[in-house]
Structures are given as C-alpha cells and as structure tokens.
Amino acid sequence: MLFINNEEKRKIREERLASSKLAHYKNKKLLKILGFVFLIIGIILALFTFINIGLSFNSASMPNFFMMFLIVPVLF
C-alpha cells in the first residue's frame with residue numbers, strides 16, 4: 001500500500017471535497033439562523049430603547065441609562 005494509483009487518489013479527493021461542501025452548507029445554515037436571531041434581538045433592544053427615551057421626554061425625567069445603552073449593540 002505504499003503506492004496509490006491515480007484512481008484511488010481521485011476517489012480520496014472526491015470524498016474530501018464532498019465532506020468539505022457538506023461542512024460549508026452546515027455552517028452557512030447555522031450562520032443564517034444566528035443572523036436572523038440576532039436581528040430579532042437587535043430590533044427588540046432598539047424598540048425598548050426608543051420607548052424608554054420617548055417616555056422620559058413625556059415625563060420630563062432622565063431616561064434610564066441602562067436602557068439607553070441597549071442601543072449600542074444594535075448600532076454594531
């Protein structure tokens with residue numbers, strides 16, 4: 001088994017290519033799902049922040065600083 005002929009080399013290359021394509025599509029699917037989840041979280045955080053700022057203007061009080069910093073992850 002010291003020498004491998006061209007047919008065996010081709011089969012090994014095809015198997016490696018197939019497994020790398022499968023890994024690529026799995027990673028792509030995972031990143032699409034994570035992107036959508038982070039998008040929803042960002043929208044929720046932005047809404048909380050804008051509602052907090054709007055309510056503070058109506059009551060003439062300072063907005064909660066924790067709520068104001070929720071907008072920071074949304075900007076990035």
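How many salt bridges does the structure hold? The structure holds two salt bridges, a salt bridge being a side-chain nitrogen of Lys or Arg within 4 Å of a carboxyl oxygen of Asp or Glu. Both are described below, after the overall architecture.

The structure is a predicted model, in which local features need pLDDT of at least 70 and side-chain atom pairs count only at pLDDT 80 or more, whereas totals for chains, interfaces and linings use all residues. Residues are numbered from 1 along each chain as its sequence is written, and side-chain values use heavy atoms, with hydrogens and water left out.

The chain contains three helices and zero strands, and its pattern along the sequence is α-α-α. Helices (H or I, at least four residues) and strands (E, at least two) are DSSP runs, numbered from the N terminus. The pLDDT, which is the predictor's confidence in each residue on a scale from 0 to 100, averages 80 over the chain, and 80% of the residues score at least 70. Confidence is highest in H1, at a mean of 85, and lowest in helix H3 (residues 71–75), at 68.

Helix H1 covers residues 6–59, a run of 54 residues. The expected span of a helix is 1.5 Å times one less than its number of residues.

Of the 76 residues in the chain, 12% are buried. Here buried means under 20% relative accessible area, exposed means over 50%, and partly exposed lies in between (1.4 Å probe, protein chains only). The accessible surface of the chain amounts to about 7,000 Å², and carbon and sulfur atoms account for 72% of this surface. Accessible areas come from the Shrake-Rupley method with a 1.4 Å probe; for residues, only the protein chains shown count as cover.

Within H1, the residues Gly42, Ala46, Thr49, Asn52 and Ser56 are buried. Threonine 49 has a relative accessible area of 1%. A polar atom of the side chain of threonine 49 lies 2.9 Å from the backbone oxygen of leucine 45. Phenylalanine 50, also found in helix H1, counts as exposed at 53% relative accessibility. The C-alpha atoms of phenylalanine 50 and isoleucine 71 are 8.5 Å apart in space, although the two residues are 21 apart in sequence.

A nonpolar patch on the surface is formed by Phe36, Leu39, Ile40, Ile43, Ile44, Leu47, Phe48, Ile51 and Leu55, with about 870 Å² of accessible area together. Patches are made of residues with over 30% relative accessible area and no salt bridge, like charges being joined within 9 Å and nonpolar side chains (Val, Leu, Ile, Met, Phe, Trp, Tyr) within 5 Å. One of the patch residues, isoleucine 40, is placed in helix H1 and is partly exposed, with a relative accessible area of 35%.

The salt bridges remain to be described. Arginine 10 pairs with glutamate 7, the closest N and O atoms being 2.4 Å apart. These two residues both lie in helix H1, three residues apart, or about one turn of the helix. Arginine 10 also meets glutamate 14 in a salt bridge, at 2.5 Å from N to O. Because glutamate 14 and arginine 10 are four residues apart in helix H1, about one helical turn separates them. An α-helix has 3.6 residues a turn, so residues three or four places apart point the same way. Arginine 10 is partly exposed at 33% relative accessible area, as are glutamate 7 at 38% and glutamate 14 at 44%.

Terms used. A polar contact is a pair of N or O atoms within 3.5 Å; within protein, one must be able to donate a hydrogen and the other to accept it, and residues adjacent in sequence count only if both atoms are side-chain atoms.
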